[in-house]
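Visitor: I would like to learn how to read the pairing of charged side chains in a structure. Could you take me through it step by step?

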Amino acid sequence: MDTKTVKQINQIDAKRQLGLPLTAEEEALFELYGIPLTQPKQEEGNPDIEPSEETQKTAFVHSYLSPLLQAAGLNVKSAEYRRNLITCEEIVTVTYNNDYTKDVCVTADSLRAIITDVMAQV
């Protein structure tokens, strides 16, 4: 598989894990190629349990928000979601092409609110 296909399969898997609907083409690609080469860490316990909110937000920022910021021509290299273990504050760190970083507080935000907050500060 080439890197474009691997990236596409990873994005399809992220959508699938978030419970978002897949197109017929995405379903066919996922059926054909199966699980991506780099899988997100599975939560232990019952596999029928939905991924945690933190896992969903991490996947969303990695698979959707980061590519959106790059495609928008904002000179953004990447965006990463993280949670401060001490304060429990949720942060999206935006890294620009010149390696400058900016932290955006997204504590208690929905996925839609994460987009709004990050776009307002980029």
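Guide: Let us start with the term itself: a salt bridge is a side-chain nitrogen of Lys or Arg within 4 Å of a carboxyl oxygen of Asp or Glu. The general idea is that side chains of opposite charge can pair when their charged atoms come close. Please keep in mind that this is a predicted model. Here R83 and E54 form such a bridge, with their closest N and O atoms 3.3 Å apart. Because R83 lies in strand β1 and E54 in helix α3, the pair ties together parts that are 29 residues apart in sequence.

Visitor: How many salt bridges are found in the whole structure?

Guide: The search finds 6. One of them joins K57 to E53, whose closest N and O atoms are 3.0 Å apart; these two residues stand 4 residues apart in helix α3, so about one helical turn separates them. K57 is buried, with a relative accessible area of 2%, whereas E53 is partly exposed at 48%.

Visitor: Which residues are linked in a network of salt bridges?

Guide: The network links E53, E54, K57, R83 and E90.

Visitor: What does D103 form a salt bridge with?

Guide: D103 pairs with R82, the closest N and O atoms being 3.1 Å apart. Since D103 belongs to strand β3 and R82 to strand β1, this pair ties together parts that are 21 residues apart in sequence.

Terms used:
Residues numbered from 1 in each chain as written. Predicted model: local features only at pLDDT ≥ 70, side-chain atom pairs only at ≥ 80, totals over all residues. Heavy atoms only, no water. Buried < 20%, exposed > 50% of the residue type's maximum accessible area, 1.4 Å probe, protein only.
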